[in-house]
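Q: I have a model open and want to learn how to read it. Can we go feature by feature?

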Amino acid sequence: MADLPRFFSPSAAGTYRQCALRWKYRYVDKLPDPPGEAALVGTFVHRVLELVCEGPAAERTPDRARDLAARAWPETTANPEFRDLGLDEAAERQFRWKAWTAIEALWGLEDPAGVDVRATEQRVATEVGGVPFRGVIDRLDDTDDGLVVTDYKSGNPPRHDRRNAALDQVLLYAAAVEATSGERPVSARLIFLGGTQDIVQVPVDDEQLASATSGLATTWAALERDCSRDEFAPNAGPLCGWCPYVDRCETGSTEVRQRAAAGRLRDDAPARRLLDLVGT
Ligand code: SF4
């Protein structure tokens, strides 16, 4: 029998929904899951926007963000996970360009100087829908209508049919805020800063909260069952190409080899390197 985790975060729930075996490798066996370049760009973007938004409102300008980005950059280059990427000078410039494009995109979507920021990087740990929940909220804003939960995404918005699933994360944060403070946020939103910039927002009402929390509870119940049986099924699919454990997973490696042979595996899929498929 595998131990249940003490807390469940949105990212752990997402990993489990994608593939129970991948969740087990990461959270039970505690095998390393190094962030790729895109995740590290996202970490840097979040850090700079945190610094921007915790400062005085009038100073939240792109010029100030540029200064803060320059000051925060050494934190990134000192990170062993960044060094492990092995970027050459041109690739490092590209990394910074991607990050800066995402940071600057915030001013195209809202005026940060006009936002009444209550908190940034707010940690929450509480029970949500009967599940021990933990997360970090990028930003909480006070508005005339009430409290707003915001999460930044450095990628593109999901397709319309996947937006509700993406919004579950911020709805769960809203539920956690209500559970810990008694104050229900009025809305929850995702700010997408990638190639296609957009704000995707949902009102926080009984119906939306019930949908998000019951989804979390269902996932948790499935996890409890898997842990009690110590059985974690693989769920092979396109994302096996980005799974750090593909070289120890028979189902996933078969899937990836078949996709590569059929020309359905992207050239930048890390599994190519892990399975020595470079050039196939
Ligand atoms: S390679 Fe695919 S099936 Fe195997 S653990 Fe990873 S995601 Fe799951």
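Q: Into which domains is the protein divided?
A: Domain bounds come from an automatic or database domain assignment. Here they give domain 1 (37-113), domain 2 (115-212) and domain 3 (236-280). Residues are numbered from 1 along each chain as its sequence is written. This is a predicted model: local features need pLDDT of at least 70, side-chain atom pairs count only at pLDDT 80 or more, and totals for chains, interfaces and linings use all residues.

Q: How many residues of domain 1 are in contact with domain 2?
A: Contact means that the C-beta atoms of two residues, placed from the backbone, lie within 7 Å. By that test, 15 residues of domain 1 are in contact with 13 residues of domain 2. On the domain 1 side, α3 (37-54) and α6 (89-109) are the elements that give two or more residues. Helices are DSSP runs of H or I, at least four residues, and strands are runs of E, at least two, numbered from the N terminus. α3 gives the most, with 8 residues. This side divides into 9 nonpolar, 3 polar and 3 charged residues. Ala, Val, Leu, Ile, Met, Phe, Trp, Tyr, Cys and Pro count as nonpolar, Asp, Glu, Lys and Arg as charged, and the others, Gly among them, as polar. The C-alpha centres of the two domains lie 22 Å apart.

Q: How many bridges join β1 to β2?
A: Strands pair if DSSP finds at least two bridges between them. β1 (residues 116-128) and β2 (residues 131-142) run antiparallel, joined by 11 bridges. E127 stands opposite P132 in β2. The hairpin has 2 residues between its strands, and G129 in the turn has a positive phi of about 60 degrees.

Q: Which residues are closest to the ligand?
A: A residue is near a molecule if its C-beta atom, placed from the backbone, lies within 6 Å of it. Here 14 residues surround the ligand, and the closest are C19, C240, C243, C249 and G252. α2 (20-28) and α9 (250-261) are the elements that give two or more residues to this shell. The shell divides into 10 nonpolar, 3 polar and 1 charged.

Q: Which residues touch the most other members of the largest nonpolar core?
A: In soluble globular proteins, nonpolar side chains tend to be buried together. A nonpolar core is a set of buried Ala, Val, Leu, Ile, Met, Phe, Trp, Tyr and Cys residues joined through C-beta atoms within 7 Å. Buried means 20 or more other C-beta atoms within 10 Å of the residue's own, with C-beta atoms placed from the backbone. Of the 65 residues in this core, L171 and A174 touch the most other members. Helix α7 (residues 163-181) supplies the largest share, 9 residues.

Key
Buried ≥ 20, exposed ≤ 12 C-beta atoms within 10 Å, placed from the backbone.
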